[in-house]
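Here's a quick tour of the model on your screen, starting with its aromatic rings and then moving on to the helices. Keep the viewer open and follow along.

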Amino acid sequence: MKRFILLVLDFFYQPFAKLMPLQTFRYLACGSGNTAMDILLYYVSYHFILNESPIQIGFLTVSAHIAALFMAMIVTFPTGFLLSKFIVFSESNLKGRVQLVRYFMLVGICICLNYGFMKLFVEYFHIYPTIAKILTTIFVVGFSYLTQKKFTFKVKAGA
């Protein structure tokens, strides 16, 4: 599967070769696919699974737009890690478990950023939840790329 994904990505990279490095293209392609899946899963979860209604978990009430965020993440966390590890940042020489722990920490920070931006956009700026999710994604993706490149999947010098 890895070989097939790389073959497809490298084929479509040719027109972009003068605009960006291969790694950046792979990140954008894999990240865009995972993000599109995240937004689709969010939309389906919010509108059709949760019916735009909050859910009650014990004594805690979770709004539908926040619950949908976590529902989508159940799928996109593992796919995002695997694409990053094996397709985008495959030259990283950190151990897989170190990468996973760092990726988990990064996702934790991104969850907080997603939560904060969603609360801000939906509850304070009154932006429609799906549009708010798209805006949130733009901010979080930039942060995530830099963190993955420089921390989660970095290449250790001399290793």
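Rings of Phe, Tyr and Trp (its six-membered ring) are paired here if their centres lie within 6.5 Å; planes under 30 degrees apart make a pair stacked, over 60 edge-to-face, and anything else tilted. By this rule there are 18 aromatic pairs. Phe11 and Phe12 are one of them: the ring centres are 5.2 Å apart and the planes stand at 85°, so this pair is edge-to-face. Tyr42 and Tyr46 make a stacked pair, with 6.0 Å from centre to centre and 0° between the planes.

A word on where this comes from: the model is predicted, so local features need pLDDT of at least 70 and side-chain atom pairs count only at pLDDT 80 or more, while totals for chains, interfaces and linings use all residues. Residues are numbered from 1 along each chain as its sequence is written, and side-chain values use heavy atoms, with hydrogens and water left out.

How accessible are those rings? Taking buried as under 20% relative accessible area, exposed as over 50% and partly exposed as in between (1.4 Å probe, protein chains only), Phe11 is exposed at 60%. Phe12 has 49% and is partly exposed. Tyr42 and Tyr46 are both buried. These two tyrosines are four residues apart in helix α2 (residues 22–49), so about one helical turn separates them. Helices here are DSSP runs (H or I, at least four residues), strands are too (E, at least two), and both are numbered from the N terminus.

There's also one aromatic cluster made of Tyr27, Phe77, Phe81, Phe89, Tyr103, Phe104, Tyr145 and Phe153. Some rings have a charge over them, meaning NZ of Lys or CZ of Arg within 6 Å of the ring centre and within 35 degrees of the ring normal:

| Charged residue | Ring | Distance to ring centre |
|---|---|---|
| Lys85 | Phe86 | 5.2 Å |
| Arg102 | Phe151 | 4.3 Å |

Now for the overall layout. The protein chain has five helices and two strands, running α-α-β-β-α-α-α from the N terminus on. Its C-alpha atoms fill a box of roughly 50 × 35 × 30 Å along the principal axes. Of the 159 residues, 38% are buried.

An unreviewed UniProt entry lists residues 25–44, 64–88, 100–118 and 124–146 as "transmembrane region"; such annotations may be inferred rather than shown by experiment. In the model, residues 64–88 are 100% helix and 0% strand, with end C-alpha atoms 33 Å apart. Residues 100–118 are likewise 100% helix and 0% strand, and their end C-alpha atoms lie 26 Å apart.

Next, look at helix α4 (residues 96–124). Among the buried residues of α4 are Gln99, Arg102, Tyr103, Cys110 and Asn114. Their cover includes α2, α3 (64–88) and α5 (129–152). His126 follows α4 and has a positive phi, near 55°.

Finally, Thr137 is found in helix α5 and is buried, at 10% relative accessible area. Which residues does Thr137 contact, leaving aside its neighbours within four places in sequence? With contact meaning heavy atoms within 4.5 Å, the partners are Thr35 and Ile39.
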